[in-house]
Amino acid sequence: MKYEVVIGPWRKQLPIAKETYESITLAHNRLLSASFIEESFDIVLNNYFNFQKVLLSDAARQMIFMNMDDREFHDTAQTISVNIINLLSSARLYLDQTKHQLSGFFDSKYGLKDKFKLSCESTYDEQLGYRAMEELRNYGQHRGLPVHSLLRDSQRYEFHPGKELLLFSSTPMLDLNTLQIDKKFKRSILKELIGFGDQVDLRWLIQEYLASLGNIHFKLRESLQDILEKSEKTIKEARDKYLSKYNEKEKVVFLVASDENGHDEDHLFLNFRSVKRRKYLEAKNRKTNALLNGCVIGQHIDTKKDE
């Protein structure tokens, strides 16, 4: 095999050692894997955002429209079920693909995959919302829909003296009597849930689940930080080194591995696109630890006191 750096559109070629090629390639693949992990976590949060939008939309529908029939009611419950299934499936995608990425280009000496698995297992033991939603995912994929009923409600709230508003809400409920019939649903988890009554508000379970996933993910980010900084440094130094040899202003640099006949077997571009994307997602998705303390209200509330 022949290993080369290729610079610019004119394909200026510079031979490099196999060890150099493999070192740069490893750094590149680590950065790409970290970006994939952030992408899968972002999919989870986008699905949670869609779930919240459906609930808010249904609450607004109650406020604005009258005479909604059973067909509309069941269609809404089904839509919420679909959103929850998408959310839980994407969470499983995140957990499984993260383990795969960590076992691919990160040496076993770091123990990142084992640390991640341990973090998931300890969270499962500590957080009811996490283990309940993991079990509900199995139930939703194989045996039944996650939303058993939909509680629509409106309550008067005095936001300040002399100012009352009707607050509309839409609450997907989990019916524990239905789960009791399902012999495959874990009895230990069902017993914990029964302590909250015959029906359980799915919103707080999902909220706790997402906050737990966020904590797991932030711990992983901390474990990856030093490795990724070194990988970024490796790519930057390689780009600077090879561009300086030709006094090139051209930013296109890629590595090529070719066989004895000159056919390209592998190639990769040395750029920071995956790094920029990862850092954008890290900045965007940094508030999940605050999910347990947040709620959404879709109505402007005038907090000015009457004069």
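Here is a friendly chat about helix packing, salt bridges and a surface patch in this predicted model.

Reader: Hi! Let's start with helix packing. At what angle do α1 and α7 pack?

Author: Hello! Their angle is about 155°, and the axes are 8 Å apart. That makes α1 roughly antiparallel to α7, because angles over 145 degrees count that way. The crossing is left-handed.

Reader: And how do α2 and α7 run, roughly parallel or roughly antiparallel?

Author: Roughly parallel. Helix α2 covers residues 70-104 and helix α7 covers residues 202-245; their axes cross at roughly 20° and come within 12 Å. Here too, α2 passes α7 in a left-handed crossing.

Reader: Nice. Switching to charges: how many salt bridges does a search of the whole structure find?

Author: The search finds 18.

Reader: Which residue forms a salt bridge with Glu-38?

Author: Arg-221 does, with the closest N and O atoms 2.9 Å apart. Glu-38 is in helix α1 and Arg-221 in helix α7, so this pair ties together parts 183 residues apart in sequence.

Reader: Are those two buried or exposed?

Author: Both are buried: Glu-38 has 2% relative accessibility, and Arg-221 has a relative accessible area of 16%. Buried means under 20%, which is why Arg-221 still qualifies.

Reader: What about Glu-192 and Arg-131, how far apart are they N to O?

Author: Their side chains meet in a salt bridge at 2.7 Å, N to O. Glu-192 belongs to helix α6 (residues 187-194) and Arg-131 to helix α4 (residues 128-142), so to speak distant parts of the chain, 61 residues apart. Glu-192 is partly exposed at 31% relative accessibility, while Arg-131 is buried at 12%.

Reader: Where do Asp-240 and Lys-236 lie?

Author: Both are in helix α7, four residues apart, which is about one turn of the helix. Asp-240 is partly exposed at 39%, and Lys-236 is partly exposed at 46%.

Reader: Last topic, the surface. Which residues make the nonpolar patch?

Author: Met-63, Ile-64, Phe-65 and Met-68 make a patch of about 390 Å². Met-63 is found in helix α1, residues 18-64, and counts as partly exposed at 41% relative accessibility.

Notes. Residues numbered from 1 in each chain as written. Predicted model: local features only at pLDDT ≥ 70, side-chain atom pairs only at ≥ 80, totals over all residues. Heavy atoms only, no water. Patch = residues over 30% accessible without salt bridge, like charges linked within 9 Å, V, L, I, M, F, W, Y side chains within 5 Å. Areas by Shrake-Rupley, 256 points an atom, 1.4 Å probe, with all protein chains shown as cover. Salt bridge = Lys/Arg side-chain N within 4 Å of Asp/Glu carboxyl O. Helix = DSSP H or I, 4+ residues; strand = E, 2+ residues; numbered from the N terminus. Buried < 20%, exposed > 50% of the residue type's maximum accessible area, 1.4 Å probe, protein only. Axes fitted to C-alpha atoms, helices over the stretch in contact; angles between N-to-C directions. Parallel < 35°, antiparallel > 145°, perpendicular 65-115°, else oblique. Left-handed = near helix turned anticlockwise from the far one by under 90°.
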